[in-house]
Amino acid sequence: MLTLMIIVLFALGIYSVRRLGVVAPATFVLMFSAATVLQMLLASRNQSFLWYTQMALDGSAYAAAGSFALLAVLTLLASTIAMPVVPSTRLRFSLAIKATVRRRIVAYSGIFVPLLFLLCLWHFLNADFKNSWHYVDYMSSRDMAFYGLVDPISAVTHKLLKLFGLIAAALLPMIPARRPFLYLMTLGIVLYALGFNLILGSKYVGLLLGVCAMSYLLASESRYRRPIAMILVMLAAWLVLANFSMRATRQYGLQTLLEQGIFLDDLDQIALIRASHLVFGGANLLQFSLSKPLEFDPLYAALSFSPLVSSIDGYSNYKVVDATTTLMFWENKTGTIWAPVSGFGEAFAFGWPYIIFLYGVIALTARECQKLYNFVGGEITAIPSALLIMGITIITMYPIRNGFRFIFLALIIALILSRWAARRIRRQAQADENSDLPPENWTV
């Protein structure tokens, strides 16, 4: 049953590549879901390696796999019915607005990129990195106290650093060579987010470089954009494996990364299987959530979808770490282990209204991103698509709160841009009907 599901999802993924594009959000969700179900199947056949494979392929496993498959199919359907645009019309419109879009992106970047750069610089100057050289408590590095951050500006920057890095990675290929200082500031944000998460041993580094590679393919005018994107993808794979190699030593920090991680010293077969779980283990975690009762405070459930910070909406007051909230404990032959309840696991525990809402928002966001791509191609689709992909990736492994704000932001951006593009197309079409000029002479 799972094998058939995997084959169907990969087949639909290939269809999505041909119908919607290789960088379409629906293509990502289909391929990611297929890999997630495949990982569950492979892990069940290697039970001697990992604690999470103690779960059998029972009803909860099939329900978890079906949940990922359902999300993938819904995303594909929503994207397929996005407002179609005649290819020739899109080409003419895309050529007409390309220069305007690029000018506006650069103009707005000239305002907020320096602000993000200054926030990252402030974070760097106020953070104490002496503990980051070598440490053994993996979770301690997630606490702001680990870096001695106490001021509110550093605290906000610390929480939003991944978002800053993602935005900068999507913008980097669009910055023209004639703006070297803006380019260097954007590159500085990317490198700081990359380096900081390398110290943490986070798989976010792969996503960051992957988004940058996607943006080069979508938006860069360089004739070397394909080789650059390929190099970034290979670098992303290497750094992700380096982080997993470091984590296999049970020691963390820059020293361990430089001495062992980057050389992949501890990356054996078991480490690779564990690495696959850390990327595609969402179905396993959802299976855990479906196989045991989980109860959450109703207000915690509602605030999980809030895009605000905890200091404003009070979310942290309801985030109690115990067996019934954000951590779930599991007994096996080696003792008690724990793992975070994934965002999908939380949604199922919250109830069907939350599941419908979460799946609906993801499908709607994918549709709006696809609609934008249908209108103008990849020039301005990179950022909302990257935010959506990041949000989905996060909530497969971590609570909804960690990733939903990225999905929400992607939806807002895609809604605004797709409606702007639709208005411009209608306005230009009306002007073309009242003019003797051929469509090739469209201007903005």
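What follows is a short exchange about a predicted model of one protein chain.

Me: What makes up the fold, in helices and strands?
Reply: The protein chain has 17 helices and 2 strands.

Me: How much of the chain counts as buried?
Reply: The chain has 444 residues, and 53% of them count as buried. The cut-off for that word is under 20% relative accessible area.

Me: What share of the contacts with a separation of 6 or more joins residues 24 or more positions apart?
Reply: That share is 72% in the protein chain. A contact here needs heavy atoms within 4.5 Å.

Me: Why is the pair R367 and E368 called a salt bridge?
Reply: The cut-off is a side-chain nitrogen of Lys or Arg within 4 Å of a carboxyl oxygen of Asp or Glu. For R367 and E368, the closest N and O atoms are 3.2 Å apart. That value is within 4 Å, so the pair qualifies.

Me: Why can such side chains pair at all?
Reply: Side chains of opposite charge can do so when their charged atoms come close.

Me: Is E368 buried or exposed, and how do you know?
Reply: E368 has a relative accessible area of 1%. Buried means under 20%, so E368 is buried.

Me: Why is R367 called partly exposed?
Reply: Its relative accessibility is 23%.

Me: What makes E368 and K371 a salt bridge?
Reply: Their closest N and O atoms are 3.5 Å apart. The limit is 4 Å, so this pair counts too. Both residues lie in helix α15, which covers residues 352-376. They sit 3 residues apart, about one turn of the helix. K371 is buried, and so is E368.

Me: How do you know that R419 forms a salt bridge with E368?
Reply: The closest N and O atoms of R419 and E368 are 3.0 Å apart. That is within the 4 Å cut-off, so the name applies. R419 lies in helix α17 and E368 in helix α15, so the pair ties together parts 51 residues apart in sequence. R419 has a relative accessible area of 40%, so this residue is partly exposed.

Me: Which residues are linked in a network of salt bridges?
Reply: R367, E368, K371 and R419 are linked in this way. The whole structure has 3 salt bridges.

Me: What lines the second largest pocket?
Reply: The lining has 20 residues. I105, Y108, I383, I413 and L417 lie nearest the centre of the pocket. The elements giving two or more residues to this lining are α4, α5, α16 and α17. Helix α4 gives the largest share, 7 residues. The pocket has a volume of about 590 Å³.

Me: How does the lining of the second largest pocket divide by class?
Reply: The count is 17 nonpolar, 1 polar and 2 charged.

Me: How many cavities of 30 Å³ or more does the structure hold?
Reply: There are 3. About 50 Å³ of space lies in the largest cavity.

Me: Which residues line the largest cavity?
Reply: Among them are L20, V23, P25, L218, Q370 and Y373. By class, the lining has 6 nonpolar, 4 polar and no charged residues. G21 is also in the lining, and Gly counts as polar.

Notes:
Residues numbered from 1 in each chain as written. Predicted model: local features only at pLDDT ≥ 70, side-chain atom pairs only at ≥ 80, totals over all residues. Heavy atoms only, no water. Helix = DSSP H or I, 4+ residues; strand = E, 2+ residues; numbered from the N terminus. Buried < 20%, exposed > 50% of the residue type's maximum accessible area, 1.4 Å probe, protein only. 1 Å grid on protein atoms, 1.4 Å probe; cavity = no way out; pocket = protein on both sides within 12 Å on 5 of 7 lines; lining within 4 Å. Points joined across faces, edges and corners; volume = space filled by probe spheres on them.
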